Amino acid sequence: MSWLWMLLAVILVVFDLPNSKSSSFTADLFENWSKQYGKTYPSRQEKQFRLSVFEDNYDYVTKLNSLANSTYTLSLNAFADLTHHEFKARYLGGFSASANNLITLNGGSSSVGASCSVGKIDIPSSLDWRKKGAVTNVKDQGSCGACWAFSATGAIEGINEIVTGSLVSLSEQELIDCDRSYNNGCGGGLMDYVYEFVQKNGGIDTEQDYPFKAGEGNCNSNKLKRRIVTIDGYKDVPANNEQELLQAVVKQPVSVGVCGSERAFQLYSGGIFTGPCSTSLDHAVLIVGYDSKNGVDYWIVKNSWGRSWGINGYIYMVRNTGNSAGVCGINKMASYPTKSSPNPPPAPPPGPAKCDLFSSCSGGETCCCSWQLLGLCLTWKCCELESAVCCKDRLHCCPRDYPICDTNRNLCFKRMGNSTLVKQLHNGGLSGKFGDWSSLLANWNF
């Protein structure tokens, strides 16, 4: 089936196909697209509506791709069943550019937050920090408006690799849950506030240890103390100064704000994006390099919408346009973390968790009472999760972020607002190492 989808996609880009909303072609294309991206819909009416949206996006894509002077192409990507209004509401608005005045007030010395020229340096004709090993894999923020966190971690990951030689994927979830002085989780934020938070906290944890959950949660204070990567401060590139921005990118990946709310941005698939687009910033991304093609200069920009968007998660955005703000405002608000000092040594593994004077569990486990008499626990069992919730049946436990036990259905729940979230147990290999700790853990150690 994948070869058929690829063939249809090639036809869509190369040829100006007729607009035939009632044709079986678009219906078949929609079916193949749905299988490609694992799309299902709760009702026949919803599916029919999504087909009509898909057809409208199809018409838009074919029209733009037929333009002879266009430097970029569009495709029916994973967002092709969303109206443009739905797309903007779901994926944009997480970048709080209007709050930037606060950054200057909080900036402090020239090493932390000041707008500062990087000085004249040699500028190579092209540069790609991916090829130098300073860029982690493309991530996916989902419908959580935390683009600011992904942009900031990308910049910290880059400078950390450049200084230490170690590429470590860092935790956006820590920032979403814990960085609440000015940033607002999935509701928006700014990269400079991240840099201030990481510096004041003394570092940031890894993505592996504090993984992304596509939503907000309570701050895990234990993981907040795991300061794996540190920074010294940050600097802001002077606004609307593309030459200064270029010199900064020569040194390291740089966080920037852009306007991502144009319809063409939603369906971008390749080439050099030239707009048109507003310069009102509503999305945060990461510049990881630059190059030129056929005399057109462009930035290499890493997004956080997954690999199915753009060029495997990247977009090429035109530079040297003569507009001081840059295409989509990319020159308006750029910043980057600074680092020269090494990271702290790895923390020692956690010691045994004491249950009572005579019993203990291994480090990273939780003591749960399995037999109690007159309020005194006589027998303990070990849940292989740190800071877990012990269920009342004395046989199971739940992860701390899903603290409600349902032992009858073998599930763990958590409530968020008016919603109740649930995860189910993995069925494979109950050896005590569960894939995502998504349910009740019935595997105890004595």
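**Exercise 1. Is strand 9 (residues 314–318) largely enclosed by the rest of the structure or largely open, and why?**

Before we start, please note that this is a predicted model, in which local features need pLDDT of at least 70, side-chain atom pairs count only at pLDDT 80 or more, and totals for chains, interfaces and linings use all residues. Residues are numbered from 1 along each chain as its sequence is written, and side-chain values use heavy atoms, with hydrogens and water left out.

*Solution.* 
- Step 1: Strands (E, at least two residues) and helices (H or I, at least four) are DSSP runs, numbered from the N terminus. Buried means under 20% relative accessible area, exposed over 50%, and partly exposed in between, with a 1.4 Å probe and protein chains only.
- Step 2: apply them. Four of the five residues of strand 9 are buried, so the strand is largely enclosed by the rest of the structure.

**Exercise 2. Find which strands are joined to strand 9 by bridges, and in which direction they run.**

*Solution.* 
- Step 1: recall the rule. Two strands pair if DSSP finds at least two bridges between them.
- Step 2: take strand 6 (residues 268–273). Two bridges join strand 6 to strand 9, and the two run parallel. Here Phe273 has Met317 of strand 9 as its bridge partner.
- Step 3: take strand 8 (residues 296–302). Five bridges join strand 8 to strand 9, and this pair runs antiparallel. Look for Ile300, which stands opposite Tyr316 of strand 9.

**Exercise 3. Count the aromatic pairs, then classify Tyr182 with Tyr193 and Phe265 with Phe273.**

*Solution.* 
- Step 1: the rule. Rings of Phe, Tyr and Trp (its six-membered ring) pair if their centres lie within 6.5 Å; planes under 30 degrees apart count as stacked, over 60 as edge-to-face and the rest as tilted. The count comes to 24 aromatic pairs.
- Step 2: the tyrosines. Tyr182 and Tyr193 have ring centres 4.8 Å apart and planes at 25°, so they are stacked. Tyr182 is in the loop between helix 7 (172–178) and helix 8, while Tyr193 is in helix 8, 11 residues apart. Tyr182 is partly exposed at 43%, whereas Tyr193 is buried at 4% relative accessibility.
- Step 3: the phenylalanines. With centres 5.5 Å apart and planes at 85°, the rings of Phe265 and Phe273 are edge-to-face. Phe265 is buried at 1%, and Phe273 is buried at 0% relative accessibility.
- Step 4: the wider group. Both belong to one aromatic cluster, whose members include Tyr72, Phe79, Trp305 and Trp309.

**Exercise 4. Which rings have the charged ends of Lys132 and Arg263 over them?**

*Solution.* 
- Step 1: the rule. A charge sits over a ring if NZ of Lys or CZ of Arg is within 6 Å of the ring centre and within 35 degrees of the ring normal.
- Step 2: Lys132 places its charged end over the ring of Trp129, 5.9 Å from the centre. The charged end of Arg263 sits over the ring of Tyr60, 4.3 Å from its centre.
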